[in-house]
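Dear colleague,

Please find below the structure that I am handing over to you, followed by an account of what was found in it. I would be grateful if you would read the two side by side.

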Amino acid sequence: MFIEKMVLDRILEQRRSIREFDITELSDEKLEAVIEAGRLAPFAGLVQKNTSSFRHFFVIHRDSDTAEKIKALCEDGRKKEVVRIQENGLAAKYPEVAKIAKAMSEKPANDIFISPWLIIVAERGGLPQREEVCLGYVMENMWLKATEMDLAFRICSGVSDIHDKEGLKKVLGLDDDETYAFDACNIGYPKNPVEERRSHPKPVKSIKYFR
């Protein structure tokens, strides 16, 4: 079976990051349709050879107790990131980043839940280490599915930046003996109408052939 080229191209062109979400909540059916797209993403077969339990999805409502625990972990991580920047002399090289990091560390991590739902994905690690790469595949699949469904989607890198991975595993109920990479996204309906994109801000075309 072949996917009609123009349909896929259109979805790729219209994919974007949405910063403002409506308060209307998604149905379980829509959430699970997006998650299914992530579940279908490629994985490192050699790493996960003897198990099917290596990719986990957690759907967290912003009013839940779990949401407060996630925010606390993010706030702690942001404080530790400021210390890391200072101790490694990175503030002089990246002054703007250091300034933003410090500002974010001084306020509650309310930006983690800008939509009613946050989806956290955990990919089990192994040897060779491919979990970070595979998470990229997962998030892209989910993003494209959300675009197809006219849903708002935004990567939440704050969860990836949590320093206390053991604490995050505990909150989510994951195995203490395993290592995981984490990523997350806010998902919902856009607060404002999303205009059709007429052009895409693509990088400069750079292709080099070795024949």
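Among contacts (heavy atoms within 4.5 Å) between residues at least 6 apart in sequence, 82% join residues at least 24 apart. The model is a predicted one, in which local features need pLDDT of at least 70 and side-chain atom pairs count only at pLDDT 80 or more, while totals for chains, interfaces and linings use all residues. Residues are numbered from 1 along each chain as its sequence is written, and side-chain values use heavy atoms, with hydrogens and water left out.

The protein has eight helices and four strands, arranged along the sequence as α-α-β-α-α-α-β-α-β-α-α-β. Helices (H or I, at least four residues) and strands (E, at least two) are DSSP runs, numbered from the N terminus. The C-alpha trace spans about 50 × 50 × 45 Å along its principal axes.

Of the 211 residues, 37% count as buried. Buried means under 20% relative accessible area, exposed over 50%, and partly exposed in between (1.4 Å probe, protein chains only).

The interior may be described through its nonpolar cores. A nonpolar core is a set of buried Ala, Val, Leu, Ile, Met, Phe, Trp, Tyr and Cys residues joined through side-chain atoms within 4.5 Å. The largest has 21 residues, of which I70, I112, I120, V159 and F182 touch the most other members. Strand 1, helix 3, strand 2, helix 8 and strand 4 are the elements that give two or more residues to this core, and helix 3 provides the largest share, four residues. Leaving aside residues up to four places away in sequence, F182 has contacts that include I120, V121, L135, V159, L168 and L172. Apart from this core lies another, of 19 residues, among them I35, W117, I119 and A181.

Helix 8 (residues 165–172) has G167, L168, K169 and L172 buried. Their cover includes strand 1 (55–61), helix 3 (65–87), strand 2, helix 7 (157–160) and strand 4. After helix 8 comes G173, with a positive phi near 80°.

In strand 4 (residues 180–188) one finds C185, which counts as buried because its relative accessibility is 0%. Residues up to four places away in sequence aside, C185 touches W117, L118, I119, M139, M142, F153, R154, I155 and C156. C185 and K145 are 40 residues apart in sequence, and their C-alpha atoms are 13 Å apart.

The peptide bond from L127 to P128 is cis, with omega near 0°, and P128 lies in the loop between strand 2 (117–124) and helix 6 (131–148). D150, in the loop between helix 6 and strand 3 (152–155), has a positive phi of about 60° although it is not a glycine. D150 counts as exposed because its relative accessibility is 63%.

A92, in helix 4 (residues 90–93), likewise counts as exposed, at 72% relative accessibility. The C-alpha atoms of A92 and A41, 51 residues apart along the chain, are separated by 40 Å.

Yours sincerely
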